[in-house]
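Hello,

I am passing a structure on to you, and I hope you enjoy looking through it. Below it you will find some notes on what turned up.

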Amino acid sequence: MDEDDGDAALRAALDQLAFATRSAAALSSTLDAVEGLRRVCRVLVPGLADWAAADLMDEDGAVERVCVSHRDPNAALTGLTGPLPTAPETAAGPLSRVLRGAGPLLLSAGRLATGQEASDPLHAASMQPFARLGGDSVIMAPLRARRRVLGALTLVRGEGHPPWGEGDLALVEDLTHRIALALDNARLYAETQAVAERLQRSLLPVLPVLPGLRITARYSPALATAQIGGDWYDSFVLPESGDTTLIIGDVTGHDLHAAVTMSQVRNMLRGIACDRREPPGMILRRLDLAVDALYRHRTATCVYALLKGQEGGPYQLEWASAGHPPPLLVTADGDTAYLHEAHGLLLGVDPHAERPSACLSLPEGSTLLLYTDGLIERRGESMDHGMTRLRQHAAALVDQDLDELSDELMNGLVAGAHDDIALLALRLPRSDDGASP
């Protein structure tokens, strides 16, 4: 090998390393499989190919072309993505073979266009972009990870690049292996998050039906991150006393473990509350002792409140807070006040800390909102801004039905949220209408 050949080989190796590095960066920048493939295609085109197509296959064998990227930003790509036909298991077309695990395959566009595989509808559909975009030399490679084929990558060269050669197959095989591992990780992550969300939603309680009172709740997983957390709400009538509990809480973390811990903490609180007729501060202290014994190194916030009073009122609220955002009280006239009293440490910090309780007479027709911090927290702004925003929205909506108010709060405040949101809302009756608003 002469010096020029050595330099060329070195440059080729460096180019391959650069493409591998850039592809890995594109994949690691998102946990969305489709978006990851789109970003990879933009890396590979035009540096490595004139155009590229990426296909994904689900567990049932259905194939969808999720991305077509061309070196010409003005190229007409409309209609080239979408579901592809299902091919029989004996189909001999190159895409069918690749999706069964063959390859990478080095092909010429002329060979692809022959009638040899005309009986394969998947092959016929996959060749449609060639009529519009052209191309002479093709590599089709499976996206294979952990003994499973997740899809296929098609790389096409025309006059702008030298034809693909046997030496390019190793590069493409390495690229597709990296891509497939990232896709598989994204799918595993999505499956874990879906399990956690289903678990969390399955644990959301059925709210009690109380004469003269309205109680409603809302829950939304984080939209910006697709993460699941430990947010929960609860409400039930205590035995003997008939008091109604109003509970909102948040276990730290954004994973399946947080959701499982949340369910266990919630059930412990239910048991303690039903067994002990004690002020809210003492109930939270008992819960804190249990959390410290069973879930060391886990923290959580919680508001535990008791609504006391006979049907029709007057009503009193007793509550205690363990590091949780304060409840918001909105009168029938739209006046608002945050209930900052009886605020203590998070659960899991100091189980022996004293936890005070507070008591307040609630005005008739008033609305009480308990919520998790996802409703008010935004990146780059102080908590005070979020609390002011919630206060203003709630005051403007106080004349609405409680369900409409809850929906409008979620719709109006969820944009930009980076955390789960749980909302529990209570409305008291007015004495002049004899019924719940």
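Let me start with a pair of side chains: arginine 65 and aspartate 55 meet in a salt bridge, with N and O 2.6 Å apart. Arginine 65 sits in strand S2 (residues 63-70) and aspartate 55 in strand S1 (residues 51-57), so the bridge ties together parts ten residues apart in sequence. Arginine 65 is buried, at 2% relative accessibility, and aspartate 55 is buried too, at 0%. Please keep in mind that this is a predicted model.

Another salt bridge joins aspartate 184 and arginine 146, whose closest N and O atoms are 2.4 Å apart. This pair links distant parts of the chain, 38 residues apart: aspartate 184 belongs to helix H7 (residues 166-203), and arginine 146 to the loop between strands S5 and S6. Here aspartate 184 is buried at 7% relative accessibility, whereas arginine 146 is exposed at 51%. Salt bridges with shared partners also connect Arg214, Arg218, Asp401, Asp403 and Asp407 in one network. The whole structure has 19 salt bridges.

Now for the helices. H10 (residues 383-396) and H11 (residues 402-413) pack at about 140 degrees, their axes 10 Å apart. Arg389, Leu390, His393 and Ala394 of H10 make the contact with Leu405, Leu409, Gly412 and Leu413 of H11. Five of these residues are nonpolar, two polar and one charged.

As for the overall picture, the protein chain holds eleven helices and 17 strands, and 51% of its 437 residues count as buried.

Technical notes:
Residues are numbered from 1 along each chain as its sequence is written. This is a predicted model: local features need pLDDT of at least 70, side-chain atom pairs count only at pLDDT 80 or more; totals for chains, interfaces and linings use all residues. Side-chain values use heavy atoms; hydrogens and water are left out. Helices (H or I, at least four residues) and strands (E, at least two) are DSSP runs, numbered from the N terminus. Buried means under 20% relative accessible area, exposed over 50%, partly exposed in between (1.4 Å probe, protein chains only). Axes are lines fitted to C-alpha atoms, for helices over the stretch in contact, and angles run from 0 to 180 degrees between N-to-C directions. Contact means heavy atoms within 4.5 Å. Ala, Val, Leu, Ile, Met, Phe, Trp, Tyr, Cys and Pro count as nonpolar, Asp, Glu, Lys and Arg as charged, and the others, Gly among them, as polar. A salt bridge is a side-chain nitrogen of Lys or Arg within 4 Å of a carboxyl oxygen of Asp or Glu.
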